[in-house]
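User: Please take a close look at the surroundings of the ligand, and follow them into the part of the protein that lies behind.

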Amino acid sequence: MEYGFEDLSVVMGTYNEAEAIETVLTDIERVTDGEAEVVCVDSSEDRTPEIAREHGARVIEQEPQGYGVAVRTALLAADRPVVVTTDCDDTYPMEQLPAFLSLINEGYDVVSGDRLYHGAEAMPAFNRLGNRLFALLASLLLGRRVHDVTTGMRAYRREVVEKVEWTENTGLSAELLLRPTMREYEVRELPIPYRERAGETTLDPVAGGVAIGKSVITVCLEERLR
Ligand SMILES: Nc1nc2c(ncn2[C@@H]2O[C@H](COP(=O)(O)OP(=O)(O)OP(=O)(O)O)[C@@H](O)[C@H]2O)c(=O)[nH]1
Ligand SMILES: [Mg+2]
């Protein structure tokens with residue numbers, strides 16, 4: 001069966017993204033002819049949730065508890081057969097949604113946007129180095145080369161999202177690539193461009209980096225021992 005945009009949910013955590021959300025949602029509408037479902041799990045104090053509702057998104061309100069708690073809630077709330085995660089800061093290319101969907105239609109279970117392939121010059125240098133190191137660490141533990149394990153833009157078959165139990169928060173993005181790769185699923189990376197963030201970051205890159213490193217190691221060990 002060939003999936004179209006009417007089979008697609010695009011989901012994201014949103015935390016004070018009023019500067020960016022309009023662009024992100026307009027891009028999704030334009031690229032999918034308004035057919036994709038959009039789910040936002042929101043913890044904002046600004047106008048982000050109102051803007052999301054004006055654009056027809058489903059908004060689930062939640063206390064701020066971190067990236068992974070929000071994105072897991074959004075993934076499980078989506079009810080279409082293909083789910084794409086993204087961030088709401090206008091860094092990810094919504095124009096690539098058709099390419100993600102095509103690869104799912106070719107038979108892949110997970111299609112992961114690889115920001116580092118094209119150099120990711122818009123990414124702060126510290127984050128870029130960290131992301132390269134996480135990819136190397138993950139590659140060693142997986143025994144297979146992966147290039148970007150912390151990307152926020154991926155497509156999943158619903159089944160993958162539902163069958164795996166997700167445990168990580170800041171490290172959820174890495175977990176969402178590592179567990180399916182270590183099970184029977186077909187996973188591939190898709191090179192994507194990456195833009196500079198619109199609006200202020202709320203994350204501490206050092207604390208975030210430590211949490212992600214821990215997630216990569218514990219998730220790979222858990223999967224090995226399964
Ligand atoms: N609902 C909710 N969303 C969150 C939370 N933390 C982060 N987000 C959202 O998750 C997405 C990713 O967060 P970002 O701050 O862009 O993280 P990042 O891409 O690693 O880092 P920067 O882009 O440099 O800030 C964004 O859309 C945020 O608004 C949270 O606690 N609750
Ligand atoms: Mg971001």
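Analyst: Strand E1 (8-14), strand E2 (37-42) and helix H3 (67-77) each give at least two residues to the shell around ligand 1, where helices (H or I, at least four residues) and strands (E, at least two) are DSSP runs, numbered from the N terminus. This is a predicted model, in which local features need pLDDT of at least 70, side-chain atom pairs count only at pLDDT 80 or more, and totals for chains, interfaces and linings use all residues. Residues are numbered from 1 along each chain as its sequence is written, while chains are lettered from A and ligands numbered from 1 in the order in which they are written.

E1 provides the largest share of the shell, three residues. Of the 23 residues around ligand 1, those that come nearest are Gly-13, Tyr-15, Ala-70, Cys-88 and Thr-201, a residue being near if its C-beta atom, placed from the backbone, lies within 6 Å of the molecule. By class, the shell holds eight nonpolar, 10 polar and five charged residues; Ala, Val, Leu, Ile, Met, Phe, Trp, Tyr, Cys and Pro count as nonpolar, Asp, Glu, Lys and Arg as charged, and the others, Gly among them, as polar.

Ala-74 touches Val-11, Met-12, Gly-13, Val-39 and Val-41, not counting residues up to four places away in sequence, with contact taken as C-beta atoms, placed from the backbone, within 7 Å.

Notes:
Two residues are in contact if their C-beta atoms, placed from the backbone, lie within 7 Å.
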